[in-house]
Amino acid sequence: MNEHFKDIFVTTGCPSQQQLLDYVQGKLTPEEQHDVEMHLADCEMCSEALEGLSAFHDKEKIPAMVREMKWDLLKKLHKKYRKSRRPENYNIYLTVIVLIILFIVLALFWGYHFYTHPR
């Protein structure tokens, strides 16, 4: 998506989401498992993420659920970001445009009226 919505685990020294999922599912080698455990001892954020992942009973469905939740969050963030990019005076601009259009319509009406009904 956008540079503003990068994965928080990418910019830190934390294990990737896939590594955490593999750790929970028991798919890491003993060396990789040891590295993740050493990191977990010092990183509260990853420890809490791992605790949340461990709470799921059906561990095989975790990657699909994580992708779905991440996509939903990215859509909400993107929508919020787009709303915040409106100009500060958006309502004033809109009002001025509507008034200009109204003035043009009235001018055309009066012009047509005086043209078809001369005095």
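**View 1. The whole protein chain.** The protein chain exposes about 10,000 Å², and carbon and sulfur atoms supply 60% of it. Accessible areas come from the Shrake-Rupley method with a 1.4 Å probe, and for residues only the protein chains shown count as cover. The model is predicted: local features need pLDDT of at least 70, side-chain atom pairs count only at pLDDT 80 or more, and totals for chains, interfaces and linings use all residues. Residues are numbered from 1 along each chain as its sequence is written, and side-chain values use heavy atoms, with hydrogens and water left out. Helices (H or I, at least four residues) and strands (E, at least two) are DSSP runs, numbered from the N terminus. Of the 119 residues, 18% count as buried; buried means under 20% relative accessible area, exposed over 50%, and partly exposed in between, with a 1.4 Å probe and protein chains only. Among the contacts with a separation of 6 or more, 63% come from residues 24 or more positions apart. A contact means heavy atoms within 4.5 Å.

View 2. Helix H1 covers residues 17–25, and its buried residues are Leu 20, Leu 21, Asp 22, Tyr 23, Val 24 and Gln 25. Just after H1, Gly 26 takes a positive phi of about 75°. Ser 16 counts as partly exposed, because its relative accessibility is 30%. Ser 16 and Cys 46 are 30 residues apart in sequence, yet their C-alpha atoms are 9.8 Å apart in space.

**View 3. The packing of H1 and H3.** H1 and H3 pack at an angle of about 50°, with their axes 10 Å apart. Axes are lines fitted to C-alpha atoms, for helices over the stretch in contact, and angles run from 0 to 180 degrees between N-to-C directions. H1 and H3 are therefore oblique to each other. Angles under 35 degrees count as roughly parallel, over 145 as roughly antiparallel, 65 to 115 as roughly perpendicular and the rest as oblique. H1 passes H3 in a right-handed crossing. A crossing is left-handed if the near helix is turned anticlockwise from the far one by less than a right angle, and right-handed if clockwise. On the H1 side, Leu 20, Leu 21, Tyr 23 and Val 24 meet Ala 49, Leu 50, Leu 53 and Ser 54 of H3.

**View 4. The packing of H2 and H3.** Helix H2 (residues 30–42) packs against helix H3 (residues 44–54) at an angle of about 115°, with their axes 6 Å apart. That makes H2 roughly perpendicular to H3. The crossing of H2 past H3 is left-handed. His 39, Leu 40 and Asp 42 are the H2 residues that meet Glu 44, Cys 46, Ser 47 and Leu 50 in H3.

**View 5. Val 36 and Glu 37 in H2.** Val 36 is found in helix H2, and Glu 37 lies in helix H2 too. Val 36 counts as buried, because its relative accessibility is 4%. Glu 37 counts as partly exposed, because its relative accessibility is 34%. Leaving aside neighbours within four places in sequence, Val 36 is in contact with Pro 15, Leu 20, Tyr 23 and Leu 28. The C-alpha atoms of Val 36 and Ser 47, 11 residues apart along the chain, are separated by 9.9 Å. For Glu 37 and Tyr 23, 14 residues apart along the chain, the C-alpha separation is 9.2 Å.

**View 6. An aromatic cluster.** Phe 109, Trp 110 and Phe 114 form one aromatic cluster. Rings of Phe, Tyr and Trp (its six-membered ring) pair if their centres lie within 6.5 Å; planes under 30 degrees apart count as stacked, over 60 as edge-to-face and the rest as tilted. By this rule the count comes to two aromatic pairs. The rings of Phe 109 and Trp 110 have their centres 5.7 Å apart and their planes at 75°, so this pair is edge-to-face. Phe 109 is partly exposed, with a relative accessible area of 48%. Trp 110 also counts as partly exposed, at 45% relative accessibility.
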